[in-house]
Amino acid sequence: MLPSGVRSRLVHDVNGITMHILEAGFEVPGRPLVVLLHGFPELAYSWRKVMVPLAEQGYYVVAPDVRGYGRSGGAGVSYHDDLRPFSTLNKTHDVLALVAALGHRTVAAVIGHDQGSPLAGWCALMRPDVFRSVVMMSSPFRGGPVALPFNTANEIVKPATPNLIDEALTKLNPPRKYYMRYYATEPANENIWHPTQGLHDFLRAYYHVKSADWAPNKPFRLSGLTASEWEKLPRYYVMDLDQGMAESVAPDMPSAQQIAECAWLTETELKFYVDEYDRTGFQGGLQGYRANPGDKDLAVFAGKTIDVPSMFIGGQQDWGVYQTPGGLERVEGALTTRYQGTFLVEGAGHWVQQEQPEKVSRLFIEFLRRNADD
């Protein structure tokens, strides 16, 4: 099911695990490396349509199954296993160790989508000497703390006012909840692994409602992080309080005709995801939505910016771009110092590199060319 020129292999002893990777442009040694990091619920396979175009431009292109996914280590984890291996710092270590294992000291660009977007951002922020540029996609990078608690030894500092939005969501009519909070709960894995409608229909509906194929996806900027604004998000982001994700997307299962017309995700391609997740479940990916005790260590990067060339790509019909009010603006103006633009791709929803691979490949290639001598 892989395009000609893309191969699959295992790389052993990568920060203590075996990592499964897809690679293109491997025939000629010494090419500059591009690393592609997928999101949820995706796999390295999600990059299959953009790997060859990048390789044709002279790059060695590598897409791993991130820790907890597919055929990489951690995919069989349970909810009660140690969360610390899934910390942001340790997953950044995974990417750095993979680069070293492949015999490279620098990466021309690290590109991340969805959950992979903040991971790519952290790679570039922590090790700009290795990751020479970064592309973040669909989910804006949030960064770490703006600053550590300041002058507390000399002044009485008022504690920050907590945002009670989760409580406020439960008071809406009907009551709602944020999907990331739901994905952090123990029942989430079972709900989407063994849903009433079956795994195939769950994934087909989930990919459909977050794509440009779902007509109601007409996103816009929200005015603030309040329950009344979040209430405007589709049910796959702000769910009904009494439903799981499987029930949330079931009413929007595409018709047989829509499925037949879905060129960006054929039934053969969908079967690959179904088979992989049927084997592993989703908990390895869901660990990324939970409060990780290891992430307290990110405070050492408080106030640090991404100082390598960067850009953001999303789909014009992707609510993920706007789900965190002010998040994209913070990437554009506060978290990056060498920002090269925001690009929203026409005809794409959340799965932008799969829905519009030609347009996305062009954006990648133009970005790499601009920064080739950086």
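## Pockets and salt bridges

In this predicted model, 39 residues line the largest pocket, and Pro118, Arg142, Met180, Gly288 and Asp295 are the ones that lie nearest its centre. The space in this largest pocket comes to about 1,100 Å³. Three helices, α2 (88–101), α3 (116–126) and α5 (179–183), each supply at least two residues of its lining, and α3 gives the most, with 4 residues. Sorted by class, the lining of the largest pocket consists of 20 nonpolar, 13 polar and 6 charged residues.

The second largest pocket has a volume of about 220 Å³. Its lining is made up of 14 residues, of which Pro32, Val107, Ala108, Arg132 and Ala372 lie nearest the centre, and this lining divides into 7 nonpolar, 4 polar and 3 charged residues.

Turning to the charged side chains, the count comes to 17 salt bridges. Side chains of opposite charge can pair when their charged atoms come close.

| Salt bridge | N to O distance |
|---|---|
| Glutamate 269 and arginine 48 | 3.2 Å |
| Arginine 127 and aspartate 129 | 2.7 Å |
| Glutamate 267 and arginine 204 | 2.7 Å |

The salt bridge between glutamate 269 and arginine 48, whose closest N and O atoms are 3.2 Å apart, links distant parts of the chain, since glutamate 269 belongs to helix α11 (residues 267–280) and arginine 48 to helix α1 (residues 48–55), 221 residues apart. Both glutamate 269 and arginine 48 are buried.

Glutamate 267 forms a salt bridge with arginine 204, and this pair also joins distant parts of the chain, with glutamate 267 in helix α11 and arginine 204 in helix α7 (residues 199–209), 63 residues apart.

Elsewhere, Arg7, Arg9 and Glu23 are linked with one another in a network of salt bridges.

Definitions and conventions. Residues numbered from 1 in each chain as written. Predicted model: local features only at pLDDT ≥ 70, side-chain atom pairs only at ≥ 80, totals over all residues. Heavy atoms only, no water. Salt bridge = Lys/Arg side-chain N within 4 Å of Asp/Glu carboxyl O. Buried < 20%, exposed > 50% of the residue type's maximum accessible area, 1.4 Å probe, protein only. 1 Å grid on protein atoms, 1.4 Å probe; cavity = no way out; pocket = protein on both sides within 12 Å on 5 of 7 lines; lining within 4 Å. Points joined across faces, edges and corners; volume = space filled by probe spheres on them. Nonpolar A, V, L, I, M, F, W, Y, C, P; charged D, E, K, R; others polar.
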